[in-house]
Each structure stands twice: as C-alpha cells, then as structure tokens.
Number of protein chains: 2
Amino acid sequence: MMMANEPANTTDIPLTRAATREAYEALIAHVREASLLGSTGSLLSWDQETLMPPAATAHRAQQLALIAKLVHQRVTDPRLGDWLACCEADSELVTAPHSVVATNVRELRRGYDRATRLPVKLVEALSRSVSLGRESWKAARAARQFATFAPALRELVDLQREKAACYGWAAGGEAWDALAEGYEPGSTAAAIEAVFEPLRARLVPLIERLLGSTTRPSAQFKQRVLPQDGQRRFVERVLRAFGFDFTRGRLDLSTHPFCGGTHCNDVRMTTRFGDADFPDKALGSSMHECGHGLYEQGLLAEHIGTPMGSAISLGIHESQSRMWENQVGRSAGFWTWARPLMVATFGSTVDDLQAAEMYAGANQVARSPIRVEADEATYNLHVMLRFALERALIAGTLAVDDLPQAWNERMRRDLDVTVTDDAEGCLQDIHWSMGLFGYFPTYTLGNLYAAQFFDAAQTELGDLQADFREGRFMPLREWLRERIHVHGRRYRAAELCTLVTHRPLSSDPLLAHLERKLLPLYGL
Amino acid sequence: MMMANEPANTTDIPLTRAATREAYEALIAHVREASLLGSTGSLLSWDQETLMPPAATAHRAQQLALIAKLVHQRVTDPRLGDWLACCEADSELVTAPHSVVATNVRELRRGYDRATRLPVKLVEALSRSVSLGRESWKAARAARQFATFAPALRELVDLQREKAACYGWAAGGEAWDALAEGYEPGSTAAAIEAVFEPLRARLVPLIERLLGSTTRPSAQFKQRVLPQDGQRRFVERVLRAFGFDFTRGRLDLSTHPFCGGTHCNDVRMTTRFGDADFPDKALGSSMHECGHGLYEQGLLAEHIGTPMGSAISLGIHESQSRMWENQVGRSAGFWTWARPLMVATFGSTVDDLQAAEMYAGANQVARSPIRVEADEATYNLHVMLRFALERALIAGTLAVDDLPQAWNERMRRDLDVTVTDDAEGCLQDIHWSMGLFGYFPTYTLGNLYAAQFFDAAQTELGDLQADFREGRFMPLREWLRERIHVHGRRYRAAELCTLVTHRPLSSDPLLAHLERKLLPLYGL
C-alpha cells in the first residue's frame with residue numbers, strides 16, 4: 001500500500017464538464033475564505049487562553065462572536081448547495097471516490113447539510129442552553145450538588161435530542177449517533193459498544209489483578225520536585241526529538257493544556273509546569289499535545305482550508321496524541337534515551353534514579369474518581385461510563401434526576417471507587433454543560449486507534465523500542481505522516497484503520513499493550 | 001475648563017427626529033462592527049511581530065488581506081453615506097458641534113469621504129506600488145545605492161500626487177496637505193512650516209553651542225552592560241509607576257518596539273532589551289511606547305469602535321509617547337526617584353553612579369546621520385529635513401533623482417553631518433517606500449505638543465519634578481487622561497492644543513525645555 005504516493009494536487013481527477021470545474025473552483029475558493037476567517041478566530045481563542053490581559057474578556061467575546069457569525073453565514077450560504085449539486089452531477093466523482101475532488105465534495109456536502117439542517121430557533125436555543133448550562137454547572141460544582149445543575153441539564157438533553165432529530169440517523173441506529181457524527185463521522189453507538197464491551201470485560205479484571213499485587217512499581221520519580229525552567233528545557237528537547245517543527249509552531253503556557261493554531265505552519269500547543277508529578281503532568285501533557293501538533297503539522301499546506309487539509313475526527317486526532325504520550329513517552333525505550341537528558345537537565349535531583357525507575361514512575365496505575373487524573377489503564381473505564389450514561393440520557397432510558405445514582409453505582413462496579421459527592425462524581429466534567437454529547441467516546445477510541453496503529457507501525461518499521469532507545473523518533477513520525485496525516489479527510493476513521501492496519505478496529509491491541517507493559521511492572 | 005465633566009454617553013444631544021435617531025444608531029452599529037473586525041486584524045499583526053512562528057508568514061498575510069478586504073467593504077458601504085446624510089440634516093448637530101453625536105458624525109463623514117474618493121484602479125495601483133516599493137527599497141539599501149530605488153520612488157510619488165488630487169485640499173493649500181490629512185487631520189504644510197521654521201532657526205545654533213562646549217555630561221551610565229532580566233524588571237516597575245494597567249495590557253518583545261492592541265482594555269506594547277545603552281534603548285523606547293499605551297488605555301470603553309473612542313492624530317499620539325519618554329523619563333526628578341530602584345535591581349553594576357550621572361547619561365546630545373539614533377534635540381532636525389524634501393517631491397519642485405544631493409546638503413547645513421552613502425542618507429527610512437508621505441512631521445509635532453502640554457500641566461498641577469522625585473506620576477497621567485485621552489476625536493489637534501494650553505501650538509515650549517535642560521548639562 002503506497003498511500004502517500006497518491007496524487008495530492010487540488011484537482012486530481014479530470015472534471016469532464018466545464019460547468020463542474022467552475023462550480024468546484026468557486027466552491028473551494030468560498031470554503032477556503034470561510035476557513036481563513038475561522039483561522040483568525042483560532043488565534044483570538046489561543047491568545048485568550050495564553051496571553052490576553054484579563055480585562056479584555058468582554059471585548060474578546062465580541063470579536064469571537066462576530067467571527068463565528070461571519071463564518072456561519074459563509075458555511076450556510078445557499079450558493080454552496082448549488083455548487084455542490086453541480087459537482088455531484090459529474091460522473092467522475094463516482095469513479096474516483098478517494099480523489100481530492102471527490103473527498104472535498106463529499107465532506108463539504110456533509111458539513112453543509114449539517115449546518116443547514118438546524119432551524120435558526122433551535123440554533124439560538126442551543127446557544128442559550130450552553131451559556132446557561134455552563135453557569136449552572138459552575139454553581140452546582142461549587143456547591144457540590146447535582147440538583148442545582150439538573151434543570152439546566154434536562155433542557156440541554158431535550159435540545160440535544162431535538163438537534164439529533166433534525167440531523168437524523170441511519171436505519172437501525174439511534175439519536176446518539178446523530179450527535180456523535182459531529183465529532184466522529186461515521187461512528188454509531190452500536191459499533192462503539194461492540195469494541196468497548198470486550199475492552200471493559202478484560203480491563204476490569206486486569207486492573208483488579210494489578211492493584212491486588214503486592215509488587216508496585218517505584219513511585220519515586222513522580223515525587224521529585226523539579227525546577228520549572230528545567231522542565232521547560234527538557235520538554236522542548238523531547239518535542240524537538242519527536243519531530244515537532246518549532247519554525248511552524250510554538251509551545252506556551254495555559255491553565256488547561258491544548259493544541260490550537262491557525263494553519264499547519266502555525267500550530268500552537270500549550271502546557272503547564274507544576275511542582276511535582278513531572279512525568280504525568282508537565283511532560284505527559286506536553287507529549288500529548290505534541291501528538292496533536294504533529295498531526296496538524298502533517299496536514300498538507302496546499303489543502304488547508306478544505307476537507308483534504310483537515311483532520312478526520314476527534315478519535316483519530318486523539319490517537320496521535322495518545323500514541324506519543326503513551327506508546328512512545330511511557331515506554332522503556334523512551335526512558336532509556338531520556339534518562340541521561342534528565343540527569344543533564346536536573347542533576348542531583350534525579351541522578352540516583354535509573355531509567356527503569358523513571359519508566360516505573362511514568363506508569364503508575366491507581367483508582368481515582370477523577371477522569372483527568374486517571375492513568376493509561378483506568379482512564380478508559382471513566383470514558384466508557386460516560387458513554388453508557390449519555391447514550392441512555394439521549395435515548396431517554398435514563399432520567400436526568402437518576403444520573404448521580406447511576407454514575408456512582410457504575411464507578412463502584414467498574415473501578416471499585418466510592419464517590420463521596422457529586423463534584424467528584426457526575427459534575428466533574430464540563431462537556432455536557434457545553435452541549436457536548438457524543439464526544440466522550442473519542443477519548444477511548446483514540447487509545448484504541450493508537451494501540452492498533454502503533455502495532456502496524458512496528459510491523460512495518462521493526463523494533464521501535466530500539467529506535468526510541470537511540471532517540472530515533474523520526475521513522476515513526478514519518479510513518480504516521482505518510483499513512484495518516486497527509487490524507488486529511490480522504491478516508492473515514494474506520495476505513496483508514498482498515499487501510500493502515502489491515503483489520504477493523506479491535507480492543508485487542510490496546511489490551512495487549514497494557515498487559516505487556518503493566519503486568520511486569522506489577523511483578524505479574 | 002472642566003472638559004472631563006462633559007457628558008460622555010453615546011447620544012448626549014437630543015436628536016429631534018426619529019429618523020435621525022434610527023440612522024445614527026444604524027451608523028454606529030455598523031462602524032462598531034467594522035472596527036471590531038479590524039481589531040481582530042490588530043491581534044494578527046501584533047502576533048506577527050512578537051510570537052508568530054516564522055513559517056506562518058504567508059498564511060498570516062492572507063488572513064490580514066481578508067480582514068482588510070472585509071473592513072474596506074464595510075467602511076465604503078453606500079448605506080454609510082445615507083445614514084450620514086440623514087444625521088447631518090438634523091439641526092441639533094450644528095448647535096452642539098462637540099457633542100458625542102456631532103463628533104462621531106463629523107469624523108465618520110470625513111473617513112467615509114476619504115475612503116470612497118479613490119477609484120478602485122488607483123487603490124490597486126497604490127497597493128502594488130507599495131509592495132514593489134518596499135522590495136526595491138530593501139534592495140537599494142542593501143546595495144547602498146539610491147539609483148536602485150529611484151524608479152520605484154518616482155512611481156510612488158506620482159501615485160501619491162494622483163491620490164492627493166482625488167482627495168483635494170483647501171484653497172491656498174497644496175497637494176501635500178491632502179496626504180498629511182490621513183495622519184494629522186486639519187494640518188497643512190504652511191501651518192506646520194510656520195511652527196517648524198522658528199524651531200529650526202533656534203535649534204541649529206543651540207546644538208552648535210552644546211556641541212562646541214568643552215563640558216560634556218557624563219556618558220558612563222550609557223556604557224554599562226546590564227543583565228536583560230533586570231532590564232525587564234526595572235522597565236515593568238517604571239511602567240507600573242507611570243500608571244500603565246497590566247490587567248488591561250501587556251509588554252512583550254519585538255525587533256522594532258511598537259504599541260498596538262485591540263481595545264482600551266487590551267493594549268499591547270513591545271520593547272527590546274540590548275546589551276548597552278539602557279537609558280536610550282530598552283528604557284527609553286519602553287517609556288515611549290508606554291506613553292502611547294496610556295493614551296490607548298485612557299480612551300473610554302463605551303466609545304471604542306467610534307471616533308469618540310479613537311485617538312485624534314499621530315501628532316497627538318506622539319505627544320503622549322514623547323512626554324513620558326522625554327519630559328518625564330529624561331528628567332532630573334525621575335532619576336532621583338529611579339536611582340535607588342536601579343541600584344536595587346542591578347547592584348554593583350550601577351551603585352557607583354549618582355542620580356545626576358544617570359540623568360546625564362540619559363541626556364547625551366550627538367550628531368548622527370541616522371534619525372532613529374538621534375537624541376531629543378537633534379531628532380527634530382532630521383524630521384524637518386524630511387518634511388521639506390517630501391513637500392518638494394510632492395509639489396514637483398524637487399526631482400526624485402536629485403533627492404540624495406538635496407538630502408546630503410541639508411544634513412551638512414543643519415547638522416554638520418557628512419553623509420557617506422545613501423544607506424545612511426536618504427535610504428535610511430522605510431516610510432516613503434511604504435507610500436507614507438505627510439507622515440514624518442507628526443514626530444516633531446509630537447515633541448512640540450508634548451512640551452506645550454507639559455508646561456500647561458505644570459502650571460495647573462504645580463512642581464511636577466517634585467512629584468517625580470517621590471515617584472508620583474499619577475497626577476500627570478490623570479491630567480492627561482481628563483484633558484486629552486477621554487475626548488477621543490471630539491477636538492482636532494490644533495483645537496485641543498488651544499483648549500488645553502490656552503494658546504496655539506508654538507515652538508517656544510519645546511525650545512525652552514531643551515535649553516533649560518541641556519545648557520546646564522553642557523556647562524552653559
């Protein structure tokens with residue numbers, strides 16, 4: 001398979017009719033301009049999270065609302081529908097469904113239909129419900145009382161169901177699918193469940209075995225307090241080694257790490273430096289964002305502003321961040337390479353630790369009620385819980401008022417964790433308050449894709465741990481670039497997975513990865 | 001005079017007719033949106049100069065061009081003309097010419113007429129001439145040969161003359177006036193000459209006297225090499241003392257210091273830290289930009305996006321930057337306050353210097369062929385030279401090919417400087433290559449206004465040097481805010497000057513300031 005050799009120019013199939021060519025060119029020029037405008041909003045958002053003076057908040061909100069309005073006008077412009085219909089009438093598109101032209105037309109059609117399918121009144125109601133929802137969630141979390149948030153959540157769920165009804169879903173599916181389509185195109189609750197259930201069935205006992213063991217990996221490394229300027233130098237060194245191009249991007253500080261930016265040549269990652277827990281916090285989240293950043297930098301400049309220059313889905317995006325964070329950054333090979341660099345940077349604070357102890361410190365498994373503090377293994381149980389509950393909320397089989405009880409029961413069953421109050425239970429995530437339903441599974445889909453892609457890379461590239469021990473990360477980055485990044489939205493996530501790994505998505509690679517790594521660390 | 005007590009709400013006069021009220025509201029909503037959009041471009045520009053990854057240049061140019069296009073569409077929208085005509089028909093505007101409503105209508109009319117008076121073909125030709133001009137200027141400067149730039153400059157001058165003809169100018173005036181109107185509304189070459197000539201007549205012999213003296217102020221302070229992190233801390237401390245509000249703005253680094261931002265609550269200044277020459281370079285330019293920043297922070301939030309929330313002119317803007325840089329930052333009172341802070345910051349590197357020596361180091365006069373390296377006194381001769389030459393170029397009385405000779409003769413006559421080649425002569429500034437004709441005089445107008453405003457402040461506030469010795473800078477900032485900042489474009493520059501200082505602009509205050517300060521330092 002030589003996917004990278006497929007033609008990457010903008011019109012790679014001959015459009016037979018002059019009218020189609022003209023319509024296609026008008027279409028692309030129009031969406032590129034909308035995207036260019038949207039990219040100015042991306043800089044405004046990045047600046048708001050990193051550098052903006054606090055008093056500028058109100059004005060920034062006005063700027064962002066204006067850009068959002070102008071972009072919305074452009075992506076719902078009826079001319080888009082006309083240009084698309086003209087292109088779709090051309091038989092060439094059918095014969096070359098993965099060509100640049102067919103990909104752009106297919107994905108723009110999908111976006112246009114979704115953007116125009118919601119009545120203005122519903123868009124406004126959704127927007128209001130999110131503003132109110134967020135405020136209500138904040139108040140409820142501060143009071144540690146779900147009841148405060150329940151009325152807003154009821155409205156949010158009702159409106160999301162209404163939204164799903166406008167979008168519609170495939171026969172045999174369910175309303176939740178229509179919402180997930182916004183984050184993971186082509187996914188369905190049933191298909192996700194088919195991968196999640198076997199994962200959960202083996203993950204719960206694996207975690208029980210690990211935490212039941214009398215042997216524990218050394219936690220010393222996590223506890224070392226490292227100076228922040230050293231953390232920065234070390235992190236930047238690692239990101240350069242991973243192949244992040246600092247002439248085409250930046251790393252800055254923010255409260256919550258994220259990856260944004262305006263273009264493949266302007267990728268903005270953020271991180272944070274704390275006092276302790278360096279491998280998980282500063283380093284782990286930097287490597288995570290770097291995975292996102294490498295995906296963005298791997299998109300092709302000539303396609304930016306069109307679907308061919310956009311990431312496939314949140315799940316595939318997350319697969320890139322998780323792979324660099326977990327398969328690479330928490331590997332024994334990585335820590336063999338990184339130890340001398342740690343010692344050179346932090347001196348006597350870490351020079352009593354061997355590579356094995358650093359590797360152990362980066363791979364601690366622990367039960368926690370909080371998703372964002374969870375380790376590589378337990379994290380997925382948190383996500384699967386949310387998937388099950390939001391699916392039931394949207395289906396109407398779980399009443400909003402019953403959410404805390406359902407949440408706490410599931411936490412006890414899957415993770416053996418007793419939730420002490422709603423703030424560390426069902427109020428811990430901001431997502432639902434922002435109207436993000438159908439979003440959570442993409443986190444675990446990312447872990448699954450990461451493990452399966454990594455296995456495929458290893459099959460093709462040979463012993464990657466040997467590479468990592470020598471600080472050679474470029475072969476993996478290039479493999480990901482050629483197999484995944486440069487294709488933009490040419491393939492759907494599931495299609496890409498089969499093309500790249502020669503099998504459909506499965507929970508086996510992730511489970512095998514976790515067992516291979518964690519059982520020895522826990523003396524099993 | 002209680003200017004600050006004039007009403008500052010958006011509609012401070014009763015508009016008699018409902019139609020006028022509606023037109024005025026539509027007008028203001030429209031220009032506010034255009035300004036909001038423009039402010040997103042301001043962030044893009046600021047980011048480009050401070051943080052943007054180098055590879056993002058091409059995409060940033062596209063973003064900026066799109067924002068410029070969308071703003072231009074809005075400020076030339078024919079509905080603006082209709083709304084303005086409707087407002088202008090209301091008799092209330094005539095009876096209250098300095099009301100918020102009348103100010104906004106008058107200044108928006110001015111802007112609309114200028115924006116719509118140029119034919120599209122000329123706008124395009126001007127834009128092309130600037131792109132080519134800049135490239136040609138860069139090549140000429142690198143080759144140190146004016147001849148390389150001459151053809152591009154000829155075209156630039158011709159197009160500027162054409163532009164001036166489209167704008168038109170008042171009877172008795174000249175084409176140059178129409179260009180200056182874009183930077184210093186209401187100014188004319190004749191009026192500027194009437195202030196510049198007496199200044200030059202006394203400044204040339206003053207500088208001769210100073211530089212002929214056998215006594216020189218100590219230059220030791222300028223030569224000290226100070227660590228850059230200390231420079232940053234010291235500069236931020238000074239800017240805070242001057243009253244710059246860091247919750248409503250930032251200070252960052254860039255190659256060329258500037259003051260930008262998006263709103264009065266989001267003011268972005270930049271500076272640079274070098275190895276030596278701290279009082280002139282890092283500190284001087286930071287205090288300079290702080291003066292601009294204080295003006296921007298002093299505009300009223302409720303008027304942002306309208307003329308009432310915009311700075312009057314480049315000359316008035318420059319008066320604020322020059323005052324904080326020169327009248328405050330190069331004063332004896334300032335250095336009495338600042339010396340202990342210098343010693344606390346830099347320790348033994350500066351603790352042998354007394355306040356008088358620091359004051360002396362910040363007030364060195366020297367002949368230089370280069371404007372941007374010139375001191376407070378000689379700087380104005382550089383500006384007046386450019387004013388005279390560009391005026392002659394636009395009038396057609398100086399041929400482009402004769403520019404180097406005219407430049408070098410004038411440098412010899414006014415500054416006794418022999419220019420060795422065109423790179424340190426008429427190729428040193430970027431302005432003309434960017435089509436900026438009519439711009440240079442605003443630098444010296446700024447110095448003149450600064451001196452005259454400062455005298456008026458001193459008359460009203462008492463001994464400002466006594467304030468500065470104690471680190472009290474707030475009375476001056478508040479005075480400037482009340483007298484100048486909050487009024488936006490309520491008055492034209494010349495009007496404001498008379499209102500605030502009770503006399504028209506004169507060269508006397510600046511000359512008196514320079515003599516008072518420099519003669520003693522040179523033992524005269």
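# A walk through a predicted two-chain model

Strand β1 of chain B (residues 249-253) is largely enclosed by the rest of the structure, because four of its five residues are buried. This is a predicted model. The partner of β1(B) is strand β3 of chain B, residues 266-271. The two strands pair in the parallel sense, over five bridges. Within this pairing, G249(B) stands opposite V267(B) of β3(B).

Next, the relation between the chains. Two copies of a chain are related by a rotation about an axis and a shift along it. Here a rotation of 180° with 0.0 Å of shift along its axis superposes chain B on chain A, with an RMSD of 0.0 Å. That is the relation of a two-fold axis. The same surface serves both copies, since 100% of the contact residues of chain B recur in chain A. Which residue of chain B comes closest to the rotation axis? T40(B) does, with its C-alpha at 3.6 Å.

Now follow helix α2 of chain B, residues 57-75. Its 19 residues reach 27 Å from the first C-alpha to the last. That is close to the 27 Å expected at 1.5 Å a residue. The buried residues of α2(B) are H59(B), R60(B), Q63(B), L66(B), I67(B), L70(B), V71(B) and R74(B). Seen down the axis of α2(B), they fall within an arc of 130°, so they line one face of the helix. What do they pack against? In chain A they meet α1 (18-50), α2 (57-75), β2 (259-263) and β3 (266-271). In chain B they meet α1 (18-50) and α3 (78-88).

Helix α1 of chain A holds T20(A). At 0% relative accessibility, T20(A) counts as buried. Leaving aside residues up to four places away in sequence, T20(A) touches L15(A), C86(A), C87(A) and D90(A).

Move on to helix α14 of chain A, residues 332-346. It has 15 residues and reaches 20 Å from first C-alpha to last, close to the 21 Å expected at 1.5 Å a residue. Where does α14(A) kink? The kink lies at A338(A), shortly before the proline P340(A), and is about 40°. Buried residues of α14(A) include F334(A), W335(A), W337(A) and A338(A). The buried residues of this helix pack against several helices of chain A, among them α12 (279-298), α13 (314-328) and α19 (464-469). After α14(A) comes G347(A), whose phi is positive, near 55°.

Helix α19 of chain A contains F468(A). F468(A) counts as buried, at 0% relative accessibility. Not counting residues up to four places away in sequence, its contacts include G333(A), F334(A) and W337(A). F468(A) also touches F454(A), F473(A) and L476(A), among others. By contrast, F468(A) and G305(A) are 35 Å apart in space, C-alpha to C-alpha, and 163 residues apart in sequence.

Most residues other than glycine have a negative phi. R144(A) has a positive phi of about 55° although it is not a glycine. R144(A) lies in the loop between α6 (120-143) and α7 (146-167) of chain A. It counts as partly exposed, at 43% relative accessibility. D416(B) is not a glycine either, and its phi is positive, near 55°. Its loop runs between α17 (403-415) and α18 (441-461) of chain B. Is D416(B) buried or exposed? At 54% relative accessibility, D416(B) counts as exposed.

How values were computed: Residues are numbered from 1 along each chain as its sequence is written. Chains are lettered from A and ligands numbered from 1 in the order in which they are written. This is a predicted model: local features need pLDDT of at least 70, side-chain atom pairs count only at pLDDT 80 or more; totals for chains, interfaces and linings use all residues. Side-chain values use heavy atoms; hydrogens and water are left out. The expected span of a helix is 1.5 Å times one less than its number of residues. Buried means under 20% relative accessible area, exposed over 50%, partly exposed in between (1.4 Å probe, protein chains only). The arc is that of the directions from the helix axis to the C-beta atoms. Contact means heavy atoms within 4.5 Å. Two strands pair if DSSP finds at least two bridges between them. Copies are superposed by least squares on the C-alpha atoms of residues with pLDDT of at least 70 in both. The bend at a residue is the angle between axes fitted to the seven residues ending there and the seven starting there.
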